Amino acid sequence: MLKINMLEKLKILINNPIYRFLFLSFVYSLIWDILLYQLLIPVAFEEWVIEQVGALSRLILSMAYAGISFSNDNLYIGGILCVHIGIPCNGVETMGIISCIILAFRAAWFHKLWFILLNYTVIFLLNAVRVAVLAALVYERNQSYEINHKYIFNIVLYGVLLILFALWSQKISKQEAKPIKS
Amino acid sequence: MEPKNKQTRSKADKILKILKLLLLGMLLIIFALKYDAFNSYLISNAQSLTFLSFSVWIWVIKILSYTVQLLIDYLILLVLTENHRFPTLLIFVSLFFLIIGFLLAFISQKLGTQLPITVSSFFVKLVKSQVLLILFVAGYIVGKVYKA
């Protein structure tokens, strides 16, 4: 009797879209972090992403400062080393987490694919802006480097990504709820 | 007249919610900055304590740090959902994963193996780098979408 009750409860939990989503997104995150990110993503790819982020940050900074250079993952303004872009700062891990969230949502694969690509672009652009802002803060000897590096950027990035996810999921669910014309 | 009132009220509620989130964000940033200083003070003074061993003191600091982290996650989700059920579930899930993480780390240390380290660090990272909070916020969004 107790077993049947437990099974029924489990069935209800699995059928609940929120718990289903949470479970799937957690499993995908586990697969991403333990298998894909640790074993399949080569360091060369991570370095390539850092190069691209550095190049874009240099372009952004060149609008305001002279003598910007980027070499060996370091960004310089006027010969002064301002920021070092490490592997944890290149945004690849965030890309993985947001992909897990999108994949766990019930939607057509086409919609998931374009939205994942859009998110990658947003993460890449925001990361480049972050690196440029952090470099400018160091150059200007501003005291707010730590707070921006540790907290503000994460809040802004995840805030933007979750707002995008809310808009996308609403639109997709409305589209899929529309009756098919015969 | 009534539907218009309802619309105005829901708009006001939304604005209030955004204001609450902004205020909470600001308070948390100020708190986190002070907490970092407090944490480094605790660690730097750990050596001078005579009544507690260093390793025990480090564990106390770690537990304190995780408690604060969970409290922050709880508050963020509470403001967002305005319902204590979902944030409480987050706390239970976080605690469950933290215990698994610490157990795996303990086992790997005792056995001297390297294999569970990535797995245990994943469970701890889920809480420490707020991945679980992000998953729960996304879950809340999904719930809203399905409700609508």
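Biologist: Leaving aside its neighbours within four places in sequence, which residues is A:Ile101 in contact with, and what makes such a pair a contact?

Modeller: In this predicted model, A:Ile101 is in contact with A:Ser25 and A:Phe165 of its own chain, and with B:Leu135 and B:Ala138 of chain B. These pairs are called contacts because their C-beta atoms, placed from the backbone, lie within 7 Å.

Biologist: Which residues touch the most other members of the largest nonpolar core, and what makes a set of residues a core?

Modeller: The residues are A:Ile101 and B:Val137, in a core of 39 residues. The set is called a core because its members are buried residues of the listed nonpolar kinds, joined through C-beta atoms within 7 Å. At least two residues each come from H2, H4 and H6 of chain A and from H2, H3, H4 and H5 of chain B, and the most, twelve residues, come from H5(B). Apart from this core lies another one, of 17 residues, among them A:Ile77, A:Val131, A:Val133 and A:Tyr139. As a general background, nonpolar side chains tend to be buried together in soluble globular proteins.

Biologist: How do H2(A) and H4(A) cross, and is the crossing left-handed or right-handed?

Modeller: The two axes come within 8 Å and cross at roughly 145°, and the crossing is right-handed. On the H2(A) side the meeting residues include A:Phe21, A:Ser25 and A:Trp32, and on the H4(A) side they include A:Glu93, A:Ile97 and A:Ile101. The residues of this contact divide into eleven nonpolar, three polar and one charged.

Biologist: How many residues of chain B are in contact with chain A, and what kinds of residue are they?

Modeller: There are 18 residues of chain B in contact with 24 residues of chain A. H1, H4 and H5 of chain B each supply at least two residues of the side that touches chain A, and the largest share, eleven residues, comes from H5(B). By kind, the residues on this side of chain B divide into 14 nonpolar, four polar and no charged.

Biologist: What elements does chain B have, and what share of its residues is buried?

Modeller: Chain B has five helices and zero strands, and buried residues make up 19% of its 148 residues. Of the contacts in chain B with a separation of 6 or more, 51% are between residues 24 or more positions apart.

Biologist: How do you know that the span of H2(B) agrees with its number of residues, and which of its residues are buried?

Modeller: At 1.5 Å a residue, the 28 residues of H2(B) should span 40 Å, and the end C-alpha atoms are 41 Å apart, so the two values agree. In H2(B), the residues B:Asp73, B:Ile76, B:Leu77 and B:Leu80 are buried.

Biologist: Where is B:Glu82, and why is it called buried or exposed?

Modeller: B:Glu82 is in the loop between H2 and H3 of chain B. Because B:Glu82 has 11 C-beta neighbours inside 10 Å, it counts as exposed, the cut-off being 12 or fewer. B:Glu82 also has a positive phi of about 55° although it is not a glycine. Its C-alpha atom is separated by 9.1 Å from that of B:Lys17, 65 residues apart along the chain.

Notes
Residues numbered from 1 in each chain as written. Chains lettered and ligands numbered in written order. Predicted model: local features only at pLDDT ≥ 70, side-chain atom pairs only at ≥ 80, totals over all residues. Helix = DSSP H or I, 4+ residues; strand = E, 2+ residues; numbered from the N terminus. Expected span 1.5 Å × (residues − 1). Buried ≥ 20, exposed ≤ 12 C-beta atoms within 10 Å, placed from the backbone. Contact = placed C-beta atoms within 7 Å. Nonpolar A, V, L, I, M, F, W, Y, C, P; charged D, E, K, R; others polar. Axes fitted to C-alpha atoms, helices over the stretch in contact; angles between N-to-C directions. Left-handed = near helix turned anticlockwise from the far one by under 90°.
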